[in-house]
Amino acid sequence: MNPRLKRFWSAQLALTPAWLIVIFAYIGTILWTVQISFTSSKVFPVSNYVGFAQYSRLFASDRWMISVNNLFIFGGLFIVGCLVIGFLLAVFLDQRIRAESMFRTIFLYPYALSFIVTGLVWQWTLNPTLGIQQTVRNWGFESFTFDWLTRGDRAIYVVALAGIWQSSGLVMAILLAGLRGVDGELWKAAKVDGIPTWRVYLHVVIPILAPMFVTATVLLATAVVKVYDLVVALTNGGPGISTEVPAKFVIEYLFQRQNLGLATAASTVMMITVLCVLAPWLYWQYFRQPRSAR
Amino acid sequence: MASVSIRKLDIEFGSIKVIRELDLEIAEGEFIVLLGPSGCGKSTLLNAVAGLLDVAGGQIWIGGKNVTWEEPKDRGIGMVFQSYALYPRMTVRGNLTFGLKMARTPKADIEARVAKAAKILQIEPLLERRPSELSGGQRQRVAIGRALVRDVDVFLFDEPLSNLDAKLRTELRVEIKRLHHELGSTMIYVTHDQIEALTLADRIAVMNGGIIQQLASPKEIYRRPINRFVAGFVGSPAMNFVDGTLSFSGGSPAFVLPDGARIDLSGYAFLGQVEEGRKATLGIRPEQVDPFERGDHTSQLPVNLTMLEPMGADSLVWGRVGSSSFSIRIDGDQHIDTPARIDAFFSPDHASIFDAASGNRL
Amino acid sequence: MTSVDLAAGPSGPRPKRLTAGRVGLYAFLVIAALFFLIPLYVMIITSLKPMSEIRLGNLFALPSDPSFYAWAKAWSSACTGLNCDGIHVGMLNSVKILIPSVIVSISVGAVTGYALSFWRPKGSNFLFAVLLLGAFIPYQVFLYPLVRMLSIVSLYNSIPGVVFVHSIFGLPLMTLLFRNFYAGIPIDLFKAARVDGGGFWAIFLRLMLPLSTPIIVVAAILQITGIWNDFLFGLIFAGRENFPMTVQLNNIVNSSFGEKEYNVNMAATILTALVPLFVYFVSGRWFVRGIASGAVKG
């Protein structure tokens, strides 16, 4: 065989598993899912096409609308909370403090845990009859109330709190790496110019860290859309359906409520939303910049 | 304009003393270069003058005022850094005015100062650009401009040209020299590049191991280095060093090579009394040796030539004296056959003699 | 000591003041550390208390009579619905899922990253783009067709099935990791190997792989914690017999039979968290490097 041909043949052969996965497990499944979403499938997929009927049913469903609403509340709080806390932690850790590595270890360990573990721990800590509420009452503050976990209008905030607890460390780690990369002479120049520290952070450092903020936001946003196990372990969607989220909606309609058409319509909506947000970022991050740059 | 005075300065990093009891007096309007290899303490000293690190002992005076405890911004200094340290994502104008705005300088005053600095540095067309859109040379001009608008008496340069390519470096070197003439400000300039030091400085402080080895005019440093370190660090190609012993027995002083050859040293001004048989090193610069004719030179030494290296305007002839490598600079038009064994001529008053043990000039 | 004229003003180091800012800094850090540590603390002490003490509702109080009863029960006889075999069954399953998944996903990711980085055959840009998108698309889109595909080849509800799924969804991150790592290796090294006559596999096995130890460690840390912590794939693809530890933990805690034994639940939770915590504490900076290199382009 022509050696040039053989060379590329080896490379293509090595990429076979990746190609198979991409073609069947990614592209194939997506097409299949989208196809089912246009049928009236219930327990088994059927080819009775009903147009966008499943989609209009989806958006008429209270459960779905609550899920979407929760996703925005949770997502907004979670992303902003993680970014703010993570940034503050990173900045404070960057002040040549004592025991820095101990603090870093403490702030990041929750990120190593499963969302299931996180959810269960907070479920237990915030349980009104045995957790913090009762403990504070036992200390003598009889009227102390912190029962958000059991209140339909507040439970989603508890989910956000648990999420922030787990993922702030991630933001901290990313931004701390960024802070350590800031040119030390920049700090000196600012000092000679007499610029107060907080202004240097605001006008110089944060702009430098912008790409890292974007990266962290993308990672957090991905976690938001995928959030499932945290809710299962912490509230299981309750009280009632007050903390349902789209990912959980899909799983339930796929495997318990046996309504394939509706579930696939919901997952298609999720995918399209993510793609719309993501595609520009991915393009900017990986394809626009030439490989040689930096 | 302001003088700078450093008195008995100690600087410690943890338990390590980097600078110990250092004294340095810099006159008003003087251009002083701190020259030395990396880790010699020159940048540390500059940062201490700027107030960017705490001193462990001693005082720093700028313009007749004790600023040892002052904040950098209150010392009347401007500083230019190796990495330019421009604030990214701010325009050039933003970079120039950021510090002034912090100091609540009146708006009209800011405008005037920026216009003046931009004119001096010829960066007017760049004012609305961002640092990422500038070349290295332009960035360093802007960095100098940032120091300029502060309207200060003392400029501190921390290896400002090290990140530039050779051509730009020469260009900006001339620029800085012109700036010094124009402003007449006191300038302290840190570099490891001896060409920069020799071309720019009124006086050079050659530093090593946290100590000023020699503080003198460029000419003095080049001609009469105080010790072997200074002699070897300044000059390119480096000064030739030949080991041997000193002899005074024959009526006139002489340098004796290990093989017994005597080199006459009459005319060399010894700093003090030296005893017979002292082990010493003869140092002589490549251009102070003439391989062709005696001329006015009074001394000669045997060289084994091995190779000719043409470099355009001049050529280097490489060879050995005894076991030491030896180089001679000749005019680029001249030719010499290699290999060959010749006698090369020099004048002892252009040579340097160092003690073999201490390295100090004898 | 020195002859500096002290009358002329300050000399020597600036006096250090304990500024309010510095105090506030440490206060913030300590409070933050408490916020992060309290759940862990509560978990541990609760697991050592008997139920009678837990019912008193003193969450932060140390156990008056610490006992490992709850740990033993969690390990060997806690109930998930009908079975009362404890969480050790799940642990075994998790290990059986973890080891092959980590090996397969890293191997495929390394080869793919290497091919994409140095060889770039036709279509590699497209392949990489789809892989990247795949890393961010919600899994829900893939699930049902995958279930059907796996049942056709009778891998559904089996350990190889879960391993397969983990390898599929681990591929984007692993590929990205190795591609970025190889992008940092001087291309001249690769060219030199080509000039010396190295082929695709020879260069990979003899040159690149030995250089890849750091990134393999990072990949292993990410995959071990990621796969161990997985809930969704285990729940859907493993089948009742093969549920991993996380699924079993959730079943134990949220099973609706009888009184909730919080101490047993907490012990089971800690047991489930042990492996990733161990990896985290042992790997230290490598873990940070892992999330950073997975997140930031190399």
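Q: How far apart do the end C-alpha atoms of residues 68–281 of chain A lie?
A: This is a predicted model, in which local features need pLDDT of at least 70 and side-chain atom pairs count only at pLDDT 80 or more, while totals for chains, interfaces and linings use all residues. Residues are numbered from 1 along each chain as its sequence is written, chains are lettered from A in the order in which they are written, and side-chain values use heavy atoms, without hydrogens and water. An unreviewed UniProt entry annotates residues 68–281 of chain A as "domain: ABC transmembrane type-1", an annotation that may be inferred rather than shown by experiment. The span is 73% helix and 0% strand (DSSP runs: H or I of at least four residues for helices, E of at least two for strands),, and its end C-alpha atoms are apart by 23 Å.

Q: Is Gln166(A) buried or exposed?
A: Gln166(A) belongs to helix 8 (residues 155–180) of chain A. Its relative accessibility is 3%, and buried means under 20% relative accessible area, exposed over 50%, partly exposed in between (1.4 Å probe, protein chains only). Gln166(A) therefore counts as buried.

Q: Which residue has its backbone oxygen 2.6 Å from a polar atom of the side chain of Gln166(A)?
A: Residues touching Gln166(A) (heavy atoms within 4.5 Å), not counting those up to four places away in sequence, include Tyr111(A), Phe115(A) and Thr118(A). The side chain of Gln166(A) reaches the backbone oxygen of Pro110(A) at 3.1 Å. At 2.6 Å lies the backbone oxygen of Leu113(A).

Q: How much area do chain C and chain A bury between them?
A: The contact takes 97 residues from chain C and 94 residues from chain A. Buried area is the accessible area (1.4 Å probe) that two parts lose on being put together, summed over both. Of this area, 78% is on carbon and sulfur atoms, and the total is about 8,900 Å².

Q: Which residues of chain C lose the most area to chain A?
A: Three residues together account for 9% of what the side of chain C buries. They are Phe36(C), Phe136(C) and Tyr144(C).

Q: Which helix gives the most to the side of chain C that touches chain A?
A: The helix in question contributes 16 residues to that side. It spans residues 20–47 of chain C and is helix 1.

Terms used. A polar contact is a pair of N or O atoms within 3.5 Å; within protein, one must be able to donate a hydrogen and the other to accept it, and residues adjacent in sequence count only if both atoms are side-chain atoms.
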